[in-house]
Amino acid sequence: MEHSFIKALSEIVGAQYTLSDPESLACYGYDSTPELQSRPGVVVLPGTSEEIAKVMALCDGAGVRVTPRGSGTNLSGGSISFDSGVVLQTSRMNRILEIDEENLTATVETGVITSTLHREVEAKGLFYPPDPGSMNISTMGGNVAENSGGLRGLKYGVTDDYVMGLKTILADGEVLKTGGKVVKDVAGYNLNQLLVSSEGTLGVFSEITVKLIPKPQTKKTMLVHFPQLEQAALTVSHITAARIIPATLEFLDRTTIKCVEEYAHVGLPLDVDAVLLIEVDGHPAQVEEDAAGIRDICERHHCSFFQTAATPEEALKLATARRVALSALARVRPTTILEDATVPRSCIAPMVKLIQDTAKKYDLLIGTFGHAGDGNLHPTCLTDERNPDEIARAHRAFGEIFEATIAMGGTITGEHGVGVAKKKYLPKLVGESGLKVMRGIKGAFDPRGILNPGKIF
């Protein structure tokens, strides 16, 4: 990248926040997606909305491409620059601007860490439900760009259910403000919803206003063991069919259980095919009723053990079993391919069996865990990208898994985004008419195609 252009960027954000040395470029050349790596031309770390706007206007005028980036926890290659362009890193913009207790909203800068917002609003007796597995490092801007889910998605929904307003910097540096604090707003197209899930291809978020709700009065956390995996999967479907909606309904298979226990030592059994981690919250009477109903369903599906956490510390320990699943699996082999297949809840059991059968067919080690209550499973292949044959088998296996997912009425991604890793599957899911509309939207927002090029399409 030309020195004069880098100098112009440094005049906007400051020389100390303009990185072009080889070491820094290497650090920003990958995210959490395996097998993908590149090197940007320069990295800038703006500190204000105005600086983002100036950077975008400069890049648009020069035809230089820009990849927005938060903490780099992306799992579909969405925060990697593949064309030696500009990486726009938002971590400096990390202020909580307001917690409005009267209107039940919070307004934050794009680089605020998700768990930081959780702690601040819960200290005031309020609640921001979206809790992606990466919440201790992922940013709110990244959550909005990917429409992140989390363990509480079954009952409370995902990020787009809480985004009320956005300040977005468009490709040419113009500032677009959408939504706000009003609960009802049907004036024109719902641009908030359009921008959520846009994966950095339509604009760069600088401020985000989210809805808050009252913090649940109480909760119960349960861990259930199942001798057979299919029993656990059917239990998931039957809990929701019984009109019980837990806050959390998570699933871990035998491979994942073994890895988690070796890593975290939380007391998981090593002689069962699956465990369910279940949490119900709300009014104490409703919590007791739901917990009793869940226990009854689990016992009818031949669970071998049912544990209810007796203390908040014990509940946290049980929840840790799910939150460390990826970290635990990643220790086993050099390369961890964490995928994201979502099916209707009624298809959980056949989907889990298909994943197991596919792993055997291709002689692969695949651990499956995920948000089973909302049909969102994470088949995770433990492999080694230095072994071309094994990697090729892994990709063939996931191709079959995604074909089956679509055939079951599911989707290729429930929360990780399309990015680079899944764009080859998108035409099958949305069809040519869907792609045509998406490309039209992209062209309207970003006519020169400088924002996060090569992603989604």
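Let's start at Met164, which counts as buried at 15% relative accessibility (buried means under 20% relative accessible area, exposed over 50% and partly exposed in between, with a 1.4 Å probe and protein chains only). This is a predicted model, so local features need pLDDT of at least 70 and side-chain atom pairs count only at pLDDT 80 or more, while totals for chains, interfaces and linings use all residues. Residues are numbered from 1 along each chain as its sequence is written, and side-chain values use heavy atoms, with hydrogens and water left out.

Met164 sits in strand S8; helices (H or I, at least four residues) and strands (E, at least two) are DSSP runs, numbered from the N terminus. Leaving aside residues up to four places away in sequence, Met164 touches Thr105, Thr178, Gly179, Gly180, Lys181, Val182, Val183, Asn192, Thr209, Val210 and Lys211, where contact means heavy atoms within 4.5 Å. Ala247, by comparison, is 83 residues away from Met164 in sequence and 22 Å away in space, C-alpha to C-alpha.

Stay with strand S8 for a moment and look at Lys167. Lys167 forms a salt bridge with Glu207, and the closest N and O atoms are 3.6 Å apart; a salt bridge is a side-chain nitrogen of Lys or Arg within 4 Å of a carboxyl oxygen of Asp or Glu. Because Glu207 lies in strand S10 (residues 204-211) and Lys167 in strand S8 (residues 163-169), the pair ties together parts that are 40 residues apart in sequence. Lys167 counts as buried at 15% relative accessibility, whereas Glu207 is partly exposed, with a relative accessible area of 23%.

In helix H13 (residues 348-361), Asp357 and Lys353 lie four residues apart, about one turn of the helix, and their side chains meet in a salt bridge at 2.8 Å, N to O. Both ends are partly exposed: Asp357 has a relative accessible area of 35% and Lys353 comes in at 40%. Helix H14 (residues 388-407) has Asp389 and Arg393, again four residues apart, about one turn of the helix. Their salt bridge has its closest N and O atoms 3.1 Å apart. Here Asp389 is partly exposed at 47%, but Arg393 counts as buried at 15%. Salt bridges that share partners also join Glu98, Asp100 and Lys181 into one network.

Strand S5 (residues 96-100) and strand S6 (residues 105-109) pair in the antiparallel sense over four bridges; two strands pair if DSSP finds at least two bridges between them. Across that pairing, Glu98 stands opposite Thr107 in S6. Four residues separate S5 and S6 in the hairpin, and Leu104 in the turn has a positive phi of about 55°.

Four strands form an open sheet in the order S1-S2-S4-S3, with mixed pairing. At the edges are strand S1 (18-19) and strand S3 (66-69), each pairing on one side only. Further in, strand S2 (residues 42-44) and strand S4 (residues 86-89) pair in the parallel sense over three bridges, with Val42 opposite Val86 in S4.

What does the record say about this part of the chain? An unreviewed UniProt entry carries the annotation "domain: FAD-binding PCMH-type" over residues 36-215; UniProt positions are given in the numbering used here, feature names are shortened, and annotations may be inferred rather than shown by experiment. In the model, the end C-alpha atoms of residues 36-215 lie 40 Å apart, and the span is 22% helix and 25% strand.

Finish at Lys455, in the segment after helix H15 (426-445). Lys455 is buried yet has no salt bridge, and the nearest side chain of opposite charge, Asp31, is 7.2 Å away (Lys and Arg count as positive and Asp and Glu as negative; His and the chain ends are not counted). So which side chain does Lys455 make a polar contact with? That of Asn452, at 2.5 Å. A polar contact is a pair of N or O atoms within 3.5 Å; within protein, one must be able to donate a hydrogen and the other to accept it, and residues adjacent in sequence count only if both atoms are side-chain atoms. The backbone oxygen of Gly78 also lies 3.4 Å from a polar atom of the Lys455 side chain. Not counting residues up to four places away in sequence, Lys455 touches Thr67, Gly77, Gly78, Ile80, Phe82, Thr201, Gly419 and Val420.
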